[in-house]
Amino acid sequence: MTDNLKILSGSAHPELARLICENLDTKLCEATLTTFPDGETFVQIHENIRGSDLFIVQPTCPPTNQNLMELLIMVDAVRRASAHRITAVLPFFGYARQDRKDRPRVPITAKLVANLLVASGVNRVLTVDLHAGQIQGFFDIPVDHLYAGPVLMKAIKERQIEDLVVVSPDVGGIKMTHAYAKALKAPMAIVAKNRVSAEEVEALNVIGDVNGKNVLLVDDLTETAGTLTAAAELLLKHGAKAIYAGVSHAVLGEKGHSRISKSPILELFSTNSTPQAQGHKVTTLDIAPLLAQAIRRIHDNESVTSLFDI
């Protein structure tokens, strides 16, 4: 790698940043990130980054507001230190679900976050599996949108699951489900659901045949696992045998871990886009090679399109 490529990590997921550096055969940029007693974040870079092509690795996962603010402060620090180009590497983009006004007098926070990143000095964004692809349009700067699908599908293929049906846990995930079904050469089905609250979901019906089949539920992210576990229970009632799940981002809290442990789901495949993607029944897959390859290609001004291939 050329000398002017620098990788800087926030405190959200330093392990992922370290793995990215290993794949790039480079080292993390030395920096201090501390919090004052009143909660303010302080950042200092300990090496010369003038004229560098700088990538800041910081998923905005819980604590979301702290990690987002830390990212903005890091961007300001490196901009004032005369970095040539600043790319925000967001393996997980927080606030992505607030991407539209679905009720009166609510914000479109995903757009607000995009504005904050651009205003702070970010020149480019590299992210993985946005909740809605249209969020790319919220930015007035280039966005490289990667997909975790190839990483997840490779692991699922290695399991050699017979009589597999790929199932979307809600109608909003049909496009992603179709992509998985096509790649895995399997039929697909859909679970119709009704969201009761932010944490409670009611599964209503199954569209498609899952009787006597092994099932793979696919979604872009899970937090409380309400959608996945409700769908799994319904699929079990409709005659499904082994039930697996695959999500790009597992932002699992205590409730999510508890639900998955008690659910019929045998194994949840996810990526290490967030540090919360671990625990009982969770198989964590490494996306550092994918991100490292994208960073190398962006740095060398090459196309990242081939990274979408399965």
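Trainee: How do the residues lining the largest cavity divide into nonpolar, polar and charged?
Mentor: The lining has six nonpolar, two polar and one charged (Ala, Val, Leu, Ile, Met, Phe, Trp, Tyr, Cys and Pro count as nonpolar, Asp, Glu, Lys and Arg as charged, the others as polar). This is a predicted model, where local features need pLDDT of at least 70, side-chain atom pairs 80 or more, and totals for chains, interfaces and linings use all residues. Numbering runs from 1 along each chain as its sequence is written, and side-chain values use heavy atoms, without hydrogens or water.

Trainee: Which residues line that cavity?
Mentor: Phe92, Phe93, Ala96, Val128, Asp129, Leu130, His131, Leu221 and His249 line the largest cavity (on a 1 Å grid, points where a 1.4 Å probe fits but cannot get out; lining residues have an atom within 4 Å of a point).

Trainee: And what volume does the largest cavity have?
Mentor: About 30 Å³, counted as the space filled by probe spheres set on the points.

Trainee: New topic: where is Val282 placed?
Mentor: Val282 sits in strand S14, residues 282-285 (a DSSP E run of at least two residues).

Trainee: Is Val282 buried or exposed?
Mentor: Val282 is buried, at 13% relative accessible area (buried is under 20%, exposed over 50%, with a 1.4 Å probe and protein chains only).

Trainee: What is Val282 in contact with, neighbours within four places in sequence aside?
Mentor: Leu252, Leu268 and Ala277, contact being heavy atoms within 4.5 Å. Val247 lies 35 residues from Val282 in sequence and 10 Å away in space, C-alpha to C-alpha.

How values were computed: Helix = DSSP H or I, 4+ residues; strand = E, 2+ residues; numbered from the N terminus. 1 Å grid on protein atoms, 1.4 Å probe; cavity = no way out; pocket = protein on both sides within 12 Å on 5 of 7 lines; lining within 4 Å.
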